[in-house]
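Please read these comments with the sequence and the model open beside you, and check each point against the coordinates as you go.

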Amino acid sequence: MALNEIGYRSVGIRLDSGDLAYLSNKVRDSFRKIAKKFDADWFVKLTIVASNDIDEDTIHSLNQQGHSINSFGIGTHLVTCKKQPALGCVYKLVEVNDQPRIKLSEDVGKVTMPGRKNIYRLYGSDGNALVDLMQRLEEEEPVVGQRVLCRHPFLESKRAYVSPAKVEPLYKIFWKDGKLCQPLPSLLDIRRTAQESLKHIRQDHRRALNPTPYKVSVTDKLYGFMHDLWLASAPIGELS
């Protein structure tokens, strides 16, 4: 407060050790008392920054406990991901000269879905996303209010009809034939889009512990086409 009287207004404090949830609440309570005592409303809004080897598990725990932290200082765990130190990315060929191609594997998770495709997000009447639906390029897009059969790509019995209240195209082309088709979004635009998408994903999909898997399905036509090509491409054994 003395510094404030000579023109140096405080910005906030940093907590770097101890029980961060408890200490942040105690500090915020002290800010309120000081603000009231000295008639300085701005003091209540001082920023509390927490650090000390913070990762996503720490933040989830703090949110469950309840805290008064405004900002997290994340260093080590931002640049070194201990849970997944390497990110494996692979491009899979799905079409050659307009001919769909499929990769076969004994591991079903590595079998690819052949041909060019579109993908749509189907929403329920409550505004939450129900399923992402992949379909062949020549298929007509899903229509609001008309039910569509959504199938698991590999498990024949897992299927459901969905009557979407909203249909959102997810596939956007930014680069084609060596040329940029539309302006690339900025990092802030990408961040806003991701945050807006998360608002429409159910809480049980977003929870940190044992989340419900979000469904990605295929249309009946894509399912049939994929499995027909799979059988046609798979070698037939011979016993003697």
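1. The structure is a predicted model, in which local features need pLDDT of at least 70 and side-chain atom pairs count only at pLDDT 80 or more, while totals for chains, interfaces and linings use all residues. Residues are numbered from 1 along each chain as its sequence is written, and side-chain values use heavy atoms, with hydrogens and water left out.

2. Helix α2 covers residues 20-37, and its 18 residues reach 25 Å from the first C-alpha to the last, close to the 26 Å expected at 1.5 Å a residue. That expected span is 1.5 Å times one less than the number of residues, and helices (H or I, at least four residues) and strands (E, at least two) are DSSP runs, numbered from the N terminus. After α2 comes Asp39, which has a positive phi, near 55 degrees.

3. Which residues of α2 are buried? They are Leu20, Ala21, Ser24, Val27, Arg28, Phe31 and Ala35, where buried means under 20% relative accessible area, exposed over 50% and partly exposed in between (1.4 Å probe, protein chains only). Viewed down the axis of α2, these buried residues fall within an arc of 130 degrees, so they line one face of the helix; the arc is that of the directions from the helix axis to the C-beta atoms. The cover over them includes β1 (12-15), β2 (47-50) and α3 (56-65), whereas the face turned away from the buried side carries the exposed residues Lys33, Lys36 and Lys37.

4. Helix α7, residues 220-233, can be read in a similar way. Its 14 residues should span 20 Å at 1.5 Å a residue, and this agrees with its end C-alpha atoms, which are 20 Å apart. Leu222, Tyr223, Met226, His227 and Leu229 are its buried residues, and they line one face of the helix, because they fall within an arc of 160 degrees when seen down the axis of α7. These buried residues pack against β5 (99-100), β6 (117-123), β7, β8 and β13, while Lys221, Asp228, Leu231 and Ala232 are exposed on the face turned away from the buried side.

5. Gln65 lies in helix α3 and is partly exposed, with a relative accessible area of 48%. Leaving aside neighbours within four places in sequence, Gln65 is in contact with Asp19 and Ala21, contact meaning heavy atoms within 4.5 Å.

6. Gly145 sits in the loop between β7 and β8, and is exposed, with a relative accessible area of 55%. Once neighbours within four places in sequence are left aside, Gly145 is in contact with Ser163 and Pro164. Between Gly145 and Asp126, which are 19 residues apart in sequence, the C-alpha to C-alpha distance is 14 Å.

7. The largest pocket holds about 400 Å³ of space. A pocket is an open set of points on a 1 Å grid over the protein atoms alone where a 1.4 Å probe fits, with protein on both sides within 12 Å along at least five of seven lines, and lining residues have an atom within 4 Å of a point. Of the 18 residues that line the largest pocket, Val131, Tyr214, Lys215, Val216 and Ser217 are the closest to its centre. Strands β7 (129-136), β8 (148-151), β9 (159-162) and β13 (216-218) each supply at least two residues of this lining, and the largest share, 3 residues, comes from β9.

How values were computed
Grid points are joined across faces, edges and corners, and a volume is the space filled by probe spheres set on the points.
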